[in-house]
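Please work through the exercises below with the sequence and the coordinates open beside you.

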Amino acid sequence: MLQSKIKTFCTILFLGICFHAPSQIKNSHGKSGTIDVDGSQLAYVAEGEGKPCLVIGSSIYYPRTFSKDLRQHLKMFFVDMKWFAKDYATEDLSKVNIASIAEDVEQIRMALGLEKPLILGHSIHGTIATEYVKRFGDQVAGLIVVGSPAEWGNATYNEKAAALWATASPERKRIQEENWGKVKELDRLTGKEEASARYNNMSPQYWYNPEYDAGWLWEDMTVHSEVTQHLFTKVFLDYNMFDPPVPIKVPMFVGLGKYDYVIPYTLWNTSYANIPDFKLVYFEKSGHTPQLEESAQFDNELVDWLDQKFK
């Protein structure tokens with residue numbers, strides 16, 4: 001069961017500097033196009049108006065999770081990371097590490113010609129965005145992190161996740177136990193079909209509504225499971241975002257759902273000495289994806305922060 005849970009999380013989430021050839025961008029004058037990073041074609045789509053915001057992860061999944069209203073305040077550049085790229089150039093995963101992934105993000109920013117954008121990431125992509133800012137903080141104006149692990153693959157994570165799940169309602173736990181009984185059926189699936197099915201299998205731990213059907217979010221997605229598994233079992237194994245402490249000099253907004261049992265909000269502190277400008281917001285009726293589950297409240301909190309920091 002533990003191995004199945006690990007496989008589930010590695011499959012569905014989006015979790016020495018390697019030197020890369022310069023990235024190339026196609027259809028750069030339109031609202032969509034692709035960026036060549038090491039032979040992988042990373043699709044992007046630009047939507048909205050206002051301050052530019054680089055949203056790393058997926059050009060398909062993430063536009064579905066943010067409201068139209070938020071696009072009135074931000075010009076959002078949704079860009080694939082390699083593990084969601086339809087045209088992925090196989091790479092030596094032993095050379096993929098936090099530094100090389102941050103370098104990929106910097107290539108994306110440069111290819112899009114973004115000067116001092118905000119950078120936003122959800123789930124493991126928020127952790128990656130933070131690691132990017134540690135290395136390339138001078139290139140961005142602010143950091144937005146949503147439902148992301150501050151720690152992963154260590155004793156603290158295991159303790160916090162178990163403690164929060166212990167507080168779940170009996171009904172939520174009953175639904176999850178029933179769903180776990182279907183794991184063997186899912187083992188026959190691969191790629192996007194596996195990711196979508198396993199995500200729904202863990203709905204009680206991901207969503208405020210324990211029976212939420214998130215299948216629509218995964219439509220038309222490409223998932224390279226071998227890469228996501230490498231992220232969570234190798235790259236971010238025994239990970240602590242703030243140990244050792246590294247200064248984050250740009251304003252940082254963190255949004256966390258109180259019903260996110262996969263990434264417990266208890267992993268985060270209310271303040272960090274190495275982040276002088278830090279705002280942490282809890283969403284009381286959200287799980288892992290508050291920008292979708294409580295979109296109006298999420299927009300209000302984020303826009304208020306944007307108005308305070310960038311106007």
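Predicted model: local features only at pLDDT ≥ 70, side-chain atom pairs only at ≥ 80, totals over all residues.

**Exercise 1. The nonpolar core**

Task: Find which residues touch the most other members of the largest nonpolar core, and identify the helix that gives the largest share of this core.

Solution. The largest nonpolar core has 96 residues, and those that touch the most other members are Leu54, Phe66, Ile108, Leu112, Ile119, Met252 and Trp268. Helix H2, which spans residues 98-112, supplies the largest share of this core, with 7 residues. Once residues up to four places away in sequence are set aside, phenylalanine 66 touches Val55, Arg71, Met76, Phe78, Leu120, Gln291 and Phe298. As a general background to this exercise, nonpolar side chains tend to be buried together in soluble globular proteins.

**Exercise 2. The two sides of a helix**

Task: Determine which residues of helix H5 are buried, and which exposed residues are carried by the face turned away from that buried side.

Solution. Begin with the buried set, which in helix H5 (residues 170-180) consists of Arg172, Ile175, Gln176, Asn179 and Trp180. When the helix is viewed down its axis, the buried residues of H5 fall within an arc of 140 degrees, so they line one face of the helix. Then turn to the face of H5 that points away from the buried side, where the exposed residues Pro170 and Glu177 are found.

**Exercise 3. Salt bridges within a helix and between elements**

Task: State how many salt bridges a search of the whole structure finds, and then examine the partners of glutamate 131 and of lysine 279.

Solution. The search of the whole structure gives 14 salt bridges. In one of the pairs to be examined, the side chains of lysine 134 and glutamate 131 meet in a salt bridge at 2.9 Å, N to O. These two residues are 3 residues apart in helix H3 (residues 124-136), which means that about one helical turn separates lysine 134 from glutamate 131. Both lysine 134 and glutamate 131 are buried.

Glutamate 131 also forms a salt bridge with arginine 135, the closest N and O atoms being 2.8 Å apart. Arginine 135 and glutamate 131 are 4 residues apart in helix H3, and they too are separated by about one helical turn. Arginine 135 counts as partly exposed because its relative accessibility is 38%, whereas glutamate 131, at 6%, counts as buried.

For the remaining pair, lysine 279 forms a salt bridge with aspartate 304, with 3.8 Å between the closest N and O atoms. Lysine 279 belongs to strand E11 (residues 278-283) and aspartate 304 to helix H11 (residues 295-310), so the pair ties together parts that are 25 residues apart in sequence. Lysine 279 is partly exposed at 23% relative accessibility, and aspartate 304 is partly exposed with a relative accessible area of 37%. Finally, a network of salt bridges links Asp38, Lys82, Glu91 and Asp104.

**Exercise 4. Backbone geometry in loops**

Task: Describe the peptide bond that joins aspartate 243 and proline 244, and then consider phi of lysine 116 and of serine 123.

Solution. The bond between aspartate 243 and proline 244 is a cis peptide bond, with omega about 5 degrees, and proline 244 lies in the loop between strand E9 (239-240) and strand E10 (252-257). Phi of lysine 116 is near 55 degrees, a positive value in a residue other than glycine; lysine 116 lies in the loop between H2 and strand E6 (118-122), and is partly exposed, with a relative accessible area of 43%. Serine 123, likewise a residue other than glycine, has a positive phi near 60 degrees. Serine 123 is in the loop between E6 and H3, and with a relative accessible area of 0% it is buried.

Notes: Residues numbered from 1 in each chain as written. Heavy atoms only, no water. Core = buried A, V, L, I, M, F, W, Y, C linked by side-chain atoms within 4.5 Å. Buried < 20%, exposed > 50% of the residue type's maximum accessible area, 1.4 Å probe, protein only. Contact = heavy atoms within 4.5 Å. Arc of directions from axis to C-beta. Salt bridge = Lys/Arg side-chain N within 4 Å of Asp/Glu carboxyl O.
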